[in-house]
Amino acid sequence: MSIVVTGAAGFIGSNLVKALNARGHNDIIAVDNLSKGDKFVNLVDCNISDYLDKLDFISLIGSGDFDGEISAILHQGACSDTMNHDGKYMMENNYQYTLELFEFCQAEEIPFLYASSAATYGKGTTFREERQFEGPLNVYGYSKFLFDQILRRRMGEGLTAQVAGFRYFNVYGPQEQHKGRMASVAFHNFNQYRETGKVKLFGSNDGWGDGMQSRDFVSVEDVVKVNLFFLDHPEKSGIFNLGSGRAQPFNDVAVATVNACRRHEGKPALSLAELVEQGILEYTAFPDALKGKYQSFTQADIGKLREAGYDSAMLTVEQGVDRYVDWLTARLG
């Protein structure tokens, strides 16, 4: 029987396919939308049994073609552009599509692991998987939030098979190059440094010092490991934060990125103060357009994930970015 990975040519999806391959799973149906064809590169070194367009796949699901043929669905496919305000498209693509796959998996009694998002918390300051802390600020966040609410209700009624949703925080790592402006801070820092020899960050705002705005940055390596842990434990269902559990400032990402690049250049590591003093790290005025609309701090409460039995340590920014820069450098030369 096949494992289905949706969004398989995307960032997290392609990393999941590679990890499944490493476990010996090659009967994988890759589902995606390759209208932007450059994503295909993420599947070149993967082994899959078939590729289907996302619309063809959902049609075949509806017509019963895959009844009894699938062992699990890892649903990573979605429009992740938080600046896309087309509500009709977002709800069809992110909410309705997810709901149809969920119903199929419940009918087939097979695991359904899906990507939710930390965007469900909006401007909240407590990041715990409870309704009172949730309040999405855009239609992307709402599309994720709404399915999470459906799952909560259905869990109360009783599930026929595992359903686990993961609220991804700021994920970074290999195979995100196609995401453009939605790619991670580490990716943009790396490219800035390679092109100009400098990295620029936002200056102080809202009580936060230069480059001190902090996020929960989580390596895609850890994201994949958590997904596979739940695949191995089909008795565990629920909605889980998936971050590192620690907030680190943008300064940490910049320092880690630059020093990893300097290592490849045969140069010594520099401290934050030294990078600023030498003009390698610069701060720009915080944009007026973002004032009052910017999350200056996120930190996943991963207590529920730990209670579910996932006990592996999460990579720090320093560890994860160092490995990511090695990958980027090997790819770009």
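**Exercise 1. Determine the hand in which α5 passes α10.**

Solution. 
- The crossing of α5 past α10 is right-handed. A crossing is left-handed if the near helix is turned anticlockwise from the far one by less than a right angle, and right-handed if clockwise.
- The model is predicted: local features need pLDDT of at least 70, side-chain atom pairs count only at pLDDT 80 or more, and totals for chains, interfaces and linings use all residues. Residues are numbered from 1 along each chain as its sequence is written, and side-chain values use heavy atoms, with hydrogens and water left out.
- Helices (H or I, at least four residues) and strands (E, at least two) are DSSP runs, numbered from the N terminus.
- Take the geometry. The axes of α5 (residues 185–196) and α10 (residues 317–332) come within 11 Å and cross at roughly 50°. Axes are lines fitted to C-alpha atoms, for helices over the stretch in contact; angles run from 0 to 180 degrees between N-to-C directions.
- The two helices are therefore oblique to each other. Angles under 35 degrees count as roughly parallel, over 145 as roughly antiparallel, 65 to 115 as roughly perpendicular, and the rest as oblique.
- List the residues. From α5 come Ala186, Phe187, Phe190 and Arg194; they meet Val321, Tyr324, Val325, Leu328, Thr329 and Leu332 in α10 (contact: heavy atoms within 4.5 Å).
- Sort them: eight are nonpolar, one is polar and one is charged. Ala, Val, Leu, Ile, Met, Phe, Trp, Tyr, Cys and Pro count as nonpolar, Asp, Glu, Lys and Arg as charged, and the others, Gly among them, as polar.

**Exercise 2. At what angle do α5 and α7 pack, and which residues make the contact?**

Solution. 
- The angle between α5 and α7 (residues 250–264) is about 45°, with the axes 9 Å apart.
- α5 is therefore oblique to α7.
- Their crossing is right-handed.
- α5 supplies Val185, Ala186, Asn189, Phe190 and Tyr193; α7 supplies Phe250, Val253, Ala254, Thr257, Val258, Cys261 and Arg262.
- Nine of these residues are nonpolar, two polar and one charged.

**Exercise 3. Describe how α3 packs on α4.**

Solution. 
- The axes of α3 and α4 (residues 139–157) are 8 Å apart, at an angle of about 25°.
- α3 is therefore roughly parallel to α4.
- α3 passes α4 in a right-handed crossing.
- The contact residues split into twelve nonpolar, five polar and three charged.

**Exercise 4. What is the strand order of the open sheet, and which helices lie on it?**

Solution. 
- Seven strands run in the order β3-β2-β1-β4-β5-β6-β11, with parallel pairing.
- β3 (50–53) and β11 (238–242) are the edges; each has a single partner strand, so one side of each lacks a neighbour in the sheet.
- Neighbouring strands are turned by 20° against each other on average, direction ignored.
- Four bridges join β2 (residues 28–32) to β3; strands pair if DSSP finds at least two bridges between them. Val31 stands opposite Leu52 in β3.
- α1 (residues 11–22) lies across β1 (2–6), β2, β4 (70–75) and β6 (163–168), at about 155° to β1. α3 (residues 87–108) touches β1, β2, β4, β5 (112–117) and β6, and makes about 155° with β4.

**Exercise 5. How many aromatic pairs does the structure hold, and which strands hold Phe166 and Phe240?**

Solution. 
- The count is 22 aromatic pairs. Rings of Phe, Tyr and Trp (its six-membered ring) pair if their centres lie within 6.5 Å; planes under 30 degrees apart count as stacked, over 60 as edge-to-face and the rest as tilted.
- Phe166 and Phe240 form a tilted pair, 6.5 Å centre to centre with 35° between the planes.
- Phe166 is in β6 and Phe240 in β11, 74 residues apart, linking distant parts of the chain.
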